[in-house]
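Colleague: I am new to reading protein models, and I would like to learn how to read salt bridges and sheets. Could we go through them one after the other?

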Amino acid sequence: MVVVFFGTPEFAVPSLRALVGEGFDVRAVVTQPDRAQGRSRSTLVPSPVKLAAQAESLDVLQPERPTDPALLASLRHLAPDVGVVVAYGHLLKPELLALPRRGMVNVHPSLLPALRGAAPVEWAILNGLETTGVTIMQLDAGMDSGPILHQIPHRIAPGVTGGELSEHLAEMGAQALIEALALWERDGLKPVPQDEAHATFAPKLTREMAQIDWTAPAAHIGRQTLALDPRPAAWTTLNGHEVKLFEGHPAPGTGKAGEVLQADSRLLIAGGDGAVVVEEVQPGGKERMTAIEWIRGRGVRVGQRFA
């Protein structure tokens with residue numbers, strides 16, 4: 001089976017490696033252009049998928065947009081049987097979706113139609129779900145709305161972070177992709193339309209939604225510090241300075257919203273309902289550290305209030 005692969009972040013790398021490892025003929029890898037990083041914005045950094053593709057000696061295409069006529073011409077020449085899309089970062093137009101003989105399939109880290117959109121892993125934790133999973137689906141012109149080929153559920157462990165869950169679902173997605181393609185090639189899978197009545201959404205994460213509202217219940221604040229770890233990270237301010245908080249969990253305690261109730265053997269902060277114990281912090285301009293290290297360095301004390 002001739003494959004063209006579309007992907008960009010680390011989440012997509014296990015799927016690409018699985019395709020190569022299982023002997024699929026990956027003719028080209030399409031990923032986003034190298035992006036400028038660093039304070040001077042002078043260093044161009046390749047995507048994780050590009051690095052993985054180069055390690056496998058695969059051809060890499062990096063159009064600014066997937067509507068680039070040169071990309072379409074290149075892919076027509078390759079005559080792929082199927083396109084595989086994993087967190088590429090762009091919606092694909094009908095002309096491109098129809099180019100592979102059997103269309104495009106997508107690896108999505110939720111049990112569709114739940115959590116369609118850009119951030120299903122983080123929203124699964126934010127929403128307090130006990131189960132999520134991965135879906136292999138056929139792409140259509142909508143957002144994660146195409147028919148389902150294969151799904152694998154996964155229990156969300158208490159205390160898991162967004163980064164940890166994403167890493168696990170990436171590996172599960174690679175396994176599910178190989179299973180689905182092998183069955184699909186033998187006509188052993190029939191696409192099942194999604195039930196639109198049960199669709200929910202996982203919109204793109206923003207800096208605004210990452211800011212902690214200390215009047216919210218402690219359980220929600222704790223989930224926020226887990227879901228957004230490591231990026232973009234739940235954040236707040238103390239004395240006008242930004243602080244990122246990680247690995248929070250609810251605990252007994254009462255006080256004014258955002259008030260530091262304990263700063264000795266642990267960092268305990270009052271929420272709108274109960275309190276939150278925070279295990280790690282990252283004050284502005286500093287490295288991530290344990291809350292105990294921050295307390296010992298006199299970065300925070302009892303009676304102060306986070307805003």
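Modeller: Let us begin with the term itself: a salt bridge is a side-chain nitrogen of Lys or Arg within 4 Å of a carboxyl oxygen of Asp or Glu. Please keep in mind that this is a predicted model; a search of the whole structure finds 11 salt bridges in it.

Colleague: Which residue forms a salt bridge with D229?

Modeller: The partner of D229 is R288, and the closest N and O atoms of the two are 3.0 Å apart. R288 lies in the loop between β14 (275-283) and β15 (289-290), whereas D229 lies in the loop between α8 (218-227) and β10 (234-238), so the pair ties together parts that are 59 residues apart in sequence. R288 also meets E247 in a salt bridge, at 3.8 Å from N to O, and D229, E247, E280 and R288 are linked in a network of salt bridges.

Colleague: Is D229 buried or exposed?

Modeller: Buried means under 20% relative accessible area, and D229, with 6%, is therefore buried. R288, at 32% relative accessibility, counts as partly exposed.

Colleague: And how should I read a sheet, for instance the order of its strands?

Modeller: In general, strands of a sheet pair through backbone hydrogen bonds, either parallel or antiparallel. Here seven strands form an open sheet with mixed pairing, in the order β5-β2-β1-β6-β7-β8-β9; its edge strands are β5 (60-61) and β9 (148-155), each of which pairs on one side only. Within this sheet, β7 (residues 104-108) and β8 (residues 131-138) run antiparallel and are joined by four bridges, and N106 stands opposite M137 in β8.

Note on methods:
Residues numbered from 1 in each chain as written. Predicted model: local features only at pLDDT ≥ 70, side-chain atom pairs only at ≥ 80, totals over all residues. Heavy atoms only, no water. Pairing = 2+ DSSP bridges. Helix = DSSP H or I, 4+ residues; strand = E, 2+ residues; numbered from the N terminus. Buried < 20%, exposed > 50% of the residue type's maximum accessible area, 1.4 Å probe, protein only.
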